Amino acid sequence: MRSSLFAAVVVQLLTAAVPGIPAGTADEARLLEMVNNDRVHHALDPLEAEPQASEVARRHAFEMMEANRIYHDSPVNGTVEKRLARVSFFFSKAGENVAEGFDLQMIHAALMDSPNHRRNILDPDYTHAGIGIAAVGGAIFVTEVFITKIPQQDPEVLTAALFERLDVHRENHRLPTLRRDSSLCGESARLAASMLVRDSKDPGEVQLVPQRGSLRICSFVGPEPAWDVIEGQSLKNWESAGAGVVQGRTTKWPHGANWYVVIFRGK
């Protein structure tokens, strides 16, 4: 007798379209509601539906239905990373549950009873989910995709948010806010763009010659900067700062990431 569950995996992924496969169903919405009810019960934020992730999940559910078995690595479309190769959004983390059964409520209960599947459902990092369901002859095939999205924002908005956090951190330590230096901001943005083009965490050489004092460069790649490092650095004897952020995909970061550069100028 075929097992009703397959092992959960936590993976990083990307998406595909679903030609010829029906759009979302009431059962998919119902299953997401079950997931969110359990998350809320455990004091977690509910997951938002992600249409592109749902397309990928739905395609995989229909493929499993046609194969009459459940699996994560598709013999047709490869690993989940390859199945999710064309999403337009950025994300830092994702996971997948697959299951088969004859009753949606029982399937969800079985997933919650399985430690690995339950871990995906109740992971506090996840922000969005895509649910795919295919049914034939009473059998239900389910794919759940969980995603932690990286918000796609204007670089100026990301830069402003970074400065706001640094301002609050310095104020909490009774220090004056750092003066925004337009030349340092321009150089930070150039270095961040260079990091993206070179697919590197190394910001490279600074072309800006300080008028006085010294410069300190902090660079990071990921959904957000290493706040412990940058906030710690901000408490030193600096008088001004500049910051630059760009977003994009590279070979090393196929799901998208932020490239941050912050330059502090000393007295």
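Q: In which sense do β6 and strand β8 pair, parallel or antiparallel?
A: In this predicted model, β6 and β8 (residues 238–248) pair in the parallel sense, over 2 bridges.

Q: And what stands opposite alanine 241 in β8?
A: That's arginine 180.

Q: What's the strand order in that sheet?
A: The order is β6-β8-β9-β7, 4 strands in an open sheet with mixed pairing.

Q: Which strands stand at the edges?
A: β6 (179–180) and β7 (215–222) do. Each has a single partner strand, so one side of each is left without a neighbour in the sheet.

Q: OK, helices now. Which strands does α6 lie across?
A: α6 lies across β6, β8 and β9 (257–266), and its direction is at about 145 degrees to β8.

Q: What about α6 and α8, at what angle do they pack?
A: About 55 degrees, with the axes of α6 (residues 155–172) and α8 (residues 227–234) 10 Å apart. The two helices are therefore oblique to each other.

Q: Is that crossing left-handed or right-handed?
A: Right-handed, as α6 passes α8.

Q: Which residues make the contact?
A: From α6 you get Leu162, Arg165, Leu166, His169 and Arg170. On the α8 side the contact is made by Trp227, Ile230, Glu231 and Ser234.

Q: How many of those are nonpolar, polar and charged?
A: By class, the contact of α6 with α8 has 4 nonpolar, 2 polar and 3 charged residues.

Technical notes: Residues are numbered from 1 along each chain as its sequence is written. This is a predicted model: local features need pLDDT of at least 70, side-chain atom pairs count only at pLDDT 80 or more; totals for chains, interfaces and linings use all residues. Side-chain values use heavy atoms; hydrogens and water are left out. Axes are lines fitted to C-alpha atoms, for helices over the stretch in contact, and angles run from 0 to 180 degrees between N-to-C directions. Angles under 35 degrees count as roughly parallel, over 145 as roughly antiparallel, 65 to 115 as roughly perpendicular and the rest as oblique. A crossing is left-handed if the near helix is turned anticlockwise from the far one by less than a right angle, and right-handed if clockwise. Contact means heavy atoms within 4.5 Å. Ala, Val, Leu, Ile, Met, Phe, Trp, Tyr, Cys and Pro count as nonpolar, Asp, Glu, Lys and Arg as charged, and the others, Gly among them, as polar. Two strands pair if DSSP finds at least two bridges between them.
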